[in-house]
Amino acid sequence: MTARAKLDDKGIVVACPSCGQKNRLLFGRLNDTVRCATCKTPLTAPETPIEIPSSAEFDRLIEQTPIPVVVDYWAPWCGPSRMVAPELEKVAARRAGRWLIVKVNTDVCADLGERYGIRSIPTLAVFSGGREIARTAGARPAADVERFVADAIQAAR
Ligand SMILES: [Zn+2]
């Protein structure tokens, strides 16, 4: 299990599972195997949902990431959001390296909620190739989330 990944404006910062060195996985290389700069251990793709700090990082991520990005719009005061969180943890672990799961707290990133017209929480959206290809509202179990995302990617091809 890797340490919790952190996102900045260039990529995702993860700790090497072998030596602890912090490495940045560039957004544009999230479909590649990247090795630790210090000890050359291959770094695993993020296995947990990653919190978006602000719209600047979100925009770069969406623009540059070569794999589908699943966005969970949530808020801490919303009960169904809290129910969906552990389900997305499962999806992130199972689809590590193939999909990236990110969380947008609409209290913190109110501008993103407004820009994308998010009217209910939780809302799940799928981005691929720099654009939104599908969205759905409401909490659902991990298997349903996976089906929804896989169908969206299939339909967008
Ligand atoms: Zn290392």
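1. Relative accessible area sorts residues into buried (under 20%), exposed (over 50%) and partly exposed in between, with a 1.4 Å probe and protein chains only. By that scale Cys39, at 30% relative accessibility, counts as partly exposed, whereas Cys16 is buried, with a relative accessible area of 4%.

2. This is a predicted model, in which local features need pLDDT of at least 70 and side-chain atom pairs count only at pLDDT 80 or more, while totals for chains, interfaces and linings use all residues. Residues are numbered from 1 along each chain as its sequence is written, and side-chain values use heavy atoms, with hydrogens and water left out.

3. The zinc ion has as its protein donors (N, O and S atoms within 2.8 Å of the metal, or 3.2 Å for Na, K and Ca; water is not among the atoms, so sites may look incomplete) the SG atoms of Cys16, Cys19, Cys36 and Cys39, lying 2.3 Å from it. The 4 donor atoms subtend angles of 104 to 116°, which makes the arrangement tetrahedral; four donors count as such if all angles lie between 85 and 135 degrees.

4. Along the chain, the donors of the zinc ion follow the spacing C-x2-C-x16-C-x2-C.

5. Leaving aside neighbours within four places in sequence, Phe127 is in contact (heavy atoms within 4.5 Å) with Phe58, Ile62, Pro68, Val69, Val71, Tyr73, Tyr116 and Glu132.

Technical notes
Tetrahedral: all angles 85-135°; square planar, octahedral: opposite > 155°, others 65-115°.
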